[in-house]
Amino acid sequence: MTLYELVEPGLVTCAEPRYRIAEIRAADPLGADALLAAVPAMNRDADVAALTVALRALVPELDRVDEWSVVDALAAMRDLGLLLGSLKRHGTEPLAAVPEALPVLQELGRRTDMVPRDTVHHYTTWNPLGRRRRTYTGAEMEAHLQDAVRMVFPALVAALDTCGRLARLEPYDPGFALALDRTAQHVQSMVDSIDFTVSHVTPEFFARTLRPYFEEIDIDGRAHLGPAAAQVPLWLVDLTLWQCDRSDPRYDAFLAESVPYSLPSWRAFHAAHRGGVSAVGKLAAALSWETAHRVPPRLTASALSLARVLRILKTFRARHLGIARKAYRDDLRLYEAGSGGAPVALLRTVLDLTRDNETLVRRALERPRTPAA
Ligand code: HEM
């Protein structure tokens, strides 16, 4: 049984409609199943006229949107989103071609308390499986990339909980190491996801076939990013572990752009924790008070658990940087920046920050044991 299968049933019974994954996947409020099944063929033929007609046909009357539940509104945004990205891929600004979609996207954004465009969650987690799966290309590798991203959603929801607990604890508390160990289990899904991606998606397919569908589009004069994997909120974990007080302006700028694409409760988590003291900050302060040879075992346990999670994050980031470098190498890439709006160089920066924090924790552990000179 996978972690996903263990966590998903818990999400289904949850009051948060955005976690009712099975219901969102099942929903088809626009009656779009048949039309969206034809989108890969329209994209293969670069048939902008057919894509435009399809978008126009799906755009609902505004008063229908008012009657929908959040679950239906999320599913409708998912389905319109597939056509937005498709039109843009062929060089057409979707809202210039179908202006009547603008108020509907804005209303769907308001109803769901999210950006007025589809996000990575619409494209992956909330996307049906099997025959009803929505894809731009119909290619197996596209489905694999969607599945790689969908497998981390339940784990990151669970990490939100353990990180929230961690933020309320001190490193002397036994719960501190426990919250970190649980977080480590959740974050391991990121490593599994990137390993799955490396084995099933080639950099060439990503760079040349898929990446163009994730371009930003213009919505009422503002650029809105496409459904990029970079929007997966790993930053929730970074924030509590080290980022809130040990960051870098480049990562901060990337987060300022990424956070709006996340769910309301995750944005609230970011707002609540961004001015706080990180786990690394708390641990470094606690260890600095301890004299040589007398580090309490609980503090040692907390430090070891913290170093372990940071190591898992580092492993994800090192492997992820490997595939990103290949997909964005000079002779392959079609775009300078990633679909999340940042260059591959940012990934190096975040990897270095993660590694520096891991090193700091490991060194802090070793320092008090070193006999005084
Ligand atoms: C072919 C596969 C992939 C490529 C080429 C790729 C490339 C990139 C690039 C260039 C960035 C920089 C920001 C931006 O997009 O503008 C990025 C960020 C990011 N990507 Fe990917 N990515 C891939 C797959 C994945 C997968 C499967 C996941 C996991 C679910 C993922 C998670 C992330 C995260 C969390 C970030 C934010 C930076 C960080 O936390 O280290 N990516 N990716």
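Predicted model: local features only at pLDDT ≥ 70, side-chain atom pairs only at ≥ 80, totals over all residues.

Reader: Okay, and where is the place of V152?

Author: V152 sits in the loop between α11 and α12, the latter covering 153-167.

Reader: Is V152 buried or exposed?

Author: Buried, because 28 other C-beta atoms lie within 10 Å and the cut-off for buried is 20 or more.

Reader: What separates the C-alpha atoms of V152 and V70?

Author: A gap of 22 Å, and the two are 82 residues apart along the chain.

Reader: Switching topic: how many residues surround the ligand?

Author: There are 30 of them, and the closest are A229, A230, A327, G338 and G340. The elements giving two or more residues to that shell are α11 (140-150), α13 (174-200), α19 (297-327) and α20 (344-366).

Reader: Which of them gives the most to the shell?

Author: That's α19, with five residues.

Reader: And what's the shell around the ligand like by class?

Author: It has 22 nonpolar residues, seven polar and one charged.

Reader: Now the overall layout. Which domains does the chain have?

Author: The domain assignment gives domain 1 (3-118) and domain 2 (147-369). Their C-alpha centres lie 28 Å apart.

Reader: How many residues of each are in contact?

Author: On the domain 1 side it's 24 residues, and they are in contact with 22 residues of domain 2. α1 (3-12), α7 (70-89), α8 (94-97) and α9 (101-112) are the elements that give two or more residues to the domain 1 side. The largest share of that side comes from α7, with six residues.

Reader: What about that side of domain 1 by class?

Author: The side of domain 1 that touches domain 2 has twelve nonpolar, three polar and nine charged residues.

Reader: Last topic, the largest nonpolar core. Which residues touch the most other members?

Author: Those are L55, L80, L83, L283, L306 and V309, out of 102 residues in the core. Both domain 1 and domain 2 give residues to this core, so it lies between them.

Reader: Let's pick L283. What does L283 touch?

Author: Not counting residues up to four places away in sequence, L283 touches P171, S302, A303, L306, V361 and A364. One of these, L306, is also on the list of core residues that touch the most other members.

Note on methods
Residues numbered from 1 in each chain as written. Near = placed C-beta within 6 Å. Helix = DSSP H or I, 4+ residues; strand = E, 2+ residues; numbered from the N terminus. Nonpolar A, V, L, I, M, F, W, Y, C, P; charged D, E, K, R; others polar. Domains from an automatic or database assignment. Contact = placed C-beta atoms within 7 Å. Core = buried A, V, L, I, M, F, W, Y, C linked by C-beta atoms within 7 Å. Buried ≥ 20, exposed ≤ 12 C-beta atoms within 10 Å, placed from the backbone.
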